[in-house]
Every structure is written in C-alpha cells, then in structure tokens.
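The sequence and model come first, then the notes.

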Amino acid sequence: MGMLDGKVAIITGSGRGIGRAAALMVAAEGAAVVVNDLDEAPALEVVEEIRRTGGRAVACAGSVTDPAMPDKLVRAAVDNFGALHILVNNAGYTWDGMLHKMTDEQWQAMLDVHVTAAFRLIRAAAPYMRDAAKAEMEAGQRVTRKIVNVMSIAGTMGNAGQANYSAAKAALGGLTKTVAREWGRFNINCNAVAFGFIGTRLTDEKEKGETLMDGKVAIGIPKAQREAFIKTIPLGRAGTPEEAARGILFLVSPWSDYVTGHILHVDGGLDM
C-alpha cells in the first residue's frame with residue numbers, strides 16, 4: 001500500500017525535470033496523476049512510465065497560461081478519476097535580463113506563468129477541493145487535501161538578472177499563505193517549496209543552446225557563471241530533480257498534515 005492510495009493529483013509541468021520526478025513519486029505512492037506539459041510528447045512518456053509500473057495517469061498537455069487550461073486540467077482529474085485531492089503548481093520557466101533592459105513582455109510573462117496560472121488553477125479546483133470538503137465535513141468525514149506551489153529562493157532572496165522571476169515567485173509565496181488562511185478550516189493544506197540550484201534544463205549550460213517558446217527564450221546559465229555559483233552552495237553541488245521532488249512529496253503526504261502556510265527550502269543551504 002502507498003501512502004497516497006485513493007488520492008488524485010494534478011501536477012503541472014510534469015513532463016520533464018522536477019515535475020516529472022514528482023509525478024513518478026506520487027504515482028508510486030498510489031495516487032492517480034494528471035500529467036501536464038507544454039508539449040504532449042513528454043507528458044505522454046511520463047504517463048506510459050507510470051502505467052508500466054501499475055499506476056494510473058492521463059496526459060493533459062498545453063500551456064498553463066491559457067485561461068481555459070485550469071478548467072481543462074480539473075475536468076481531466078474529475079472525469080478520469082472522480083475527485084481531486086492534490087494540486088501541484090510546478091510549471092514555469094525563466095526569462096532573464098537586467099532590470100534596466102527588461103521588456104514589459106518579459107516582466108508580464110513571468111507573472112502570467114508563475115502567479116496568475118497558479119491562482120486560476122486553485123480557483124478552478126475550488127468546487128472539488130473546498131466545496132467537496134464542506135460536504136464531507138457536514139457528513140462527519142475528514143479528508144485532507146494538499147496544494148503545493150513551487151517557488152524559488154529567488155523569491156525570498158532576490159537574484160540579479162531575475163527581477164521578473166523573483167517578483168513572481170515572491171508573489172506566489174503571498175498567494176500560498178493566503179490560501180492556507182482561507183482554506184485551512186476545510187482541511188486543505190497549502191504550502192510552497194522554494195528550490196535552490198537544481199539540475200534541470202533551465203540551469204544547464206547555456207552554451208548548449210536550448211530555447212523555449214519557439215526559440216524566443218534562451219534558457220540555461222553560462223558555464224563559467226554556473227560553476228562559480230555551484231561553489232557558493234554549502235553542500236557543494238546542484239540538487240537533483242529527485243531530491244527536489246522529495247520536498248513536494250513530503251508536502252502532499254500525510255507526513256505534513258499539520259503543516260500549512262509554510263515555505264520549505266530545498267536548496268543545499270544556499271539561502272543561509
């Protein structure tokens with residue numbers, strides 16, 4: 001038996017990196033998972049991997065910034081698995097630039113993907129989380145539900161070249177604490193996990209030439225800067241997607257049933 005048997009989860013941005021690792025872990029613990037990615041192919045690959053090991057999963061591809069996507073994701077969970085207990089707002093990317101050169105488009109893009117998308121998805125989930133909990137409480141039942149918003153230590157410390165990303169992640173922390181206050185009485189825990197330097201394609205060497213948004217956004221960190229930054233981490237290395245995902249697993253598991261409104265730092269000591 002898994003500690004998430006009978007639970008249904010939505011994890012955005014779960015076709016790659018930290019989201020993928022989290023989807024596999026949550027499924028291994030018994031939860032049915034709605035796997036979301038901007039691109040359908042990686043989402044389907046994760047679904048197949050989960051199904052091969054006896055788990056349950058469906059793919060729901062598309063951008064979380066699409067105003068129609070929140071309802072689409074929630075319907076995928078409810079129509080396929082009958083409920084919604086876990087929501088992980090993980091999808092996102094970076095679009096860096098020094099503040100004095102940053103465009104309005106760069107600024108707004110980070111707010112849209114990291115804050116507005118999370119807000120819309122939590123709102124869309126309300127009938128199947130908040131309202132469902134009210135009905136259960138009236139029937140004398142207690143079912144704990146979990147929301148996890150993926151932040152970054154950039155949102156608590158700031159980071160040169162990331163005014164947009166840092167502001168968006170800080171705002172996500174405020175949203176997390178407000179949802180925790182509003183929905184706590186319905187047995188809904190809302191927490192955030194703030195990652196440091198995790199080894200994903202967003203933090204890989206920029207010289208590899210990876211891009212997003214049809215080549216519009218270059219991702220990665222210049223090799224020399226990347227190596228210098230890793231030296232500032234007390235543990236002396238980047239974290240792995242699996243290590244990062246364990247923070248998410250903790251916050252959606254029964255281990256954290258009395259934790260809400262908290263920002264868990266998973267950063268190798270970088271924020272000290």
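## Contacts of W183

Leaving aside residues up to four places away in sequence, W183 touches I122, A126, R130, I147 and I188; contact here means heavy atoms within 4.5 Å.

The model is predicted, so local features need pLDDT of at least 70 and side-chain atom pairs count only at pLDDT 80 or more, while totals for chains, interfaces and linings use all residues. Residues are numbered from 1 along each chain as its sequence is written, and side-chain values use heavy atoms, with hydrogens and water left out.

## Nonpolar cores

W183 is also one of the residues with the most contacts inside the largest nonpolar core, together with I10, V34, V74, L87 and I147. This core has 43 residues. A nonpolar core is a set of buried Ala, Val, Leu, Ile, Met, Phe, Trp, Tyr and Cys residues joined through side-chain atoms within 4.5 Å. Buried means under 20% relative accessible area, exposed means over 50%, and partly exposed lies in between (1.4 Å probe, protein chains only).

Two or more residues each come from β1 (8-11), β2 (32-35), α3 (69-81), α4 (104-138), β5 (145-152), α6 (163-183) and β6 (188-195). Helices (H or I, at least four residues) and strands (E, at least two) are DSSP runs, numbered from the N terminus. The largest share, eight residues, is from α4. A second, separate core of 32 residues has I18, I86, V252 and V266 among its members. In soluble globular proteins, nonpolar side chains tend to be buried together.

## Salt bridges

Nine salt bridges are found in a search of the whole structure. The criterion is a side-chain nitrogen of Lys or Arg within 4 Å of a carboxyl oxygen of Asp or Glu.

R16 pairs with D39, with 3.1 Å between the closest N and O atoms. The two residues are 23 apart in the chain: R16 is in the loop between β1 and α1 (17-28), and D39 is in the loop between β2 and α2 (40-52). R16 is partly exposed at 28% relative accessible area, and D39 is partly exposed at 34%. A network of salt bridges links R16, D37 and D39.

R75 and D79 form a salt bridge at 2.3 Å, N to O. Both lie in helix α3, four residues and about one helical turn apart. R75 is partly exposed at 35%, whereas D79 is exposed at 53%.

E136 and R145 form another salt bridge, with the closest N and O atoms 2.8 Å apart. Both of these residues, E136 and R145, are buried.
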